[in-house]
Amino acid sequence: MNVLLLSIDSLRRDFLTAYRDAPRCLDRPVETDNLDRFAERAATFDAHYAGSLPCMPARREWLTGTREFLWRPWGPTEPFDETVPELARREGVLTHLVTDHYHYFQHGSHGYYEDFNGFDFLRGHEYDAWRTAPRDPDDRLLAQSLDPETDDPRGVGYVNRAAYPRNAAALGLDDPDADEADFFGPRVLSRAAEWLRGTDRDDWFLYVDSFDVHEPFHCPEPYASMYTDEDPTDPDLPFWPYYGPVDEGQSELTDRELDFVRAQFAGKVTMVDRWFGRVLDALDDGDLWDDTMVVVTSDHGFFLGEHGWVGKNEPPCYDVLARTPLFVRHPDGERNGERVDALTSAVDLYPTVLDALDADVPEGTHGRSLAPLLAGEADGVRDSALYGYWGSSVCVTDGRYAYLHPCDPSVDADCFSAGMMNARGFPLPREPKVDAEAGKFLPYAESPVWRYAAPSFRQHAEPLLFDTREDPEQTENLADCGDPAAAERMRGLLVDALDDLGAPDGQYERLGLN
């Protein structure tokens, strides 16, 4: 069997009409005709959660089956990892990666693409170290971000921005008539469609990782104007927002600017959706549906003012960030065209893809194959799912209740990273770890690793508990007095889930769960 796995970075499920009539933060529906078209023939998962956040930790879950965030923040594949493309190639499967996600090629993220038979890397998104001219930024380039003092030590962000078609036209740096095919989402998805039309192998694994709809939310027309009455060329209106609070008195965004950011995010969703239609057309034209499993998902969402935040990383892991879309169309699936309410997790994609490729699933993987759900042979594959950022809160859900447990402020306990990437201040400066120690610190691997201590980061002060069925917006915290029995049960579920994974002792200590 063939497998097509498509990730659309930062895609919020409430922006898809397959999940919701209209986004929470917009007054109108977002056009996602092709994702709707795909959802009609796929199983739509209603309780799918991210695991290790953000970008590369999520991809290690998908490609190696490792629940990463309990042991390290961000890093490469390891020598003991058995990746999907490596295991697939052992079975004679052709593997290929199409991506503009430059983190794969960034310091500290190596190993993810080397196991594929081939890969396409489309350059220039965000802070990809790509262009080196012009060196003097135009004020209009800087105006598109509210925070020109970005974590961009090489100074490539604004240089790349000068190459974006919309910027190039405005600055006279390139063809003023550049069309949307030059934007990143269209380039990635059109290349994926081209690969599908050109491959002559019967068994293949195509992994398409689109960095869009990740910021910057730059869009050509008609998308830039589709969800706003503003002039998208107005330099006072940024499409690259800062990360931070937007509560009254703290925000660097006016209400007008925030509304514009939301509109540009929505426009980018529609643009990516329309070019996803080319992938569906290629599957149609090649008669590939009968022997191809197609998976569409995202690593996480993105705050657009919800709970007083824009961005990710610092806020608590509310569902707007952690509850992600998942569509799976299996040629023999009994749930195609149906909704699946079973709890699933990002790490479950690893054994699911391997099962479909008739490749061996390694013992000890943290994922649970969704094959029994897709075949209609089971009502569920897991009772709980953990998610979160390394060194911060640890969260658990049973599919209905979401429990977010913070670091204990009364405990002076470090978190230990079993990886040598910087725990804070990613990606630079690089600092040698003079206090690292070596040992067998990973319960899922026989190999010793280095580890070092780093302080925890508190995303929120108190435990948070939400009944996502009765309170999908997560506005009422039940942890203190709303439902103490549910809080105690979810706290116990959290400890059980940590126990099952063999979590480090230090995690219990710093979370006050001893």
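One cavity of 30 Å³ or more is present in the structure, a cavity being a set of points, on a 1 Å grid over the protein atoms alone, where a 1.4 Å probe fits but cannot get out. The model is predicted, so that local features need pLDDT of at least 70 and side-chain atom pairs count only at pLDDT 80 or more, whereas totals for chains, interfaces and linings use all residues. Residues are numbered from 1 along each chain as its sequence is written, and side-chain values use heavy atoms, with hydrogens and water left out.

Secondary-structure elements are DSSP runs numbered from the N terminus (helices, H or I, at least four residues; strands, E, at least two). An open sheet of mixed pairing is formed by 5 strands in the order β3-β13-β14-β15-β19; two strands pair if DSSP finds at least two bridges between them. Its edge strands, β3 (52-53) and β19 (464-467), each pair on one side only. Within this sheet, β13 (residues 385-389) and β14 (residues 394-397) are antiparallel and share 4 bridges, with A385 opposite T397 of β14. Helix α13 (residues 484-501) lies across β13, β14, β15 (401-405) and β19, at about 70 degrees to β15. For such angles, which run from 0 to 180 degrees between N-to-C directions, axes are lines fitted to C-alpha atoms, for helices over the stretch in contact (heavy atoms within 4.5 Å).

A further open sheet contains 3 strands in the order β7-β10-β9, with antiparallel pairing. Strands β7 and β10 (residues 309-311) are joined by 2 bridges in the antiparallel sense, and P245 has W309 of β10 as its bridge partner.

Helix α11 (residues 349-356) is mostly covered, 7 of its 8 residues being buried (under 20% relative accessible area, with a 1.4 Å probe and protein chains only). The buried residues are L349, Y350, P351, T352, V353, L354 and A356. After α11 comes D358, with a positive phi near 55 degrees.

Note on methods: Buried < 20%, exposed > 50% of the residue type's maximum accessible area, 1.4 Å probe, protein only. 1 Å grid on protein atoms, 1.4 Å probe; cavity = no way out; pocket = protein on both sides within 12 Å on 5 of 7 lines; lining within 4 Å. Points joined across faces, edges and corners; volume = space filled by probe spheres on them.
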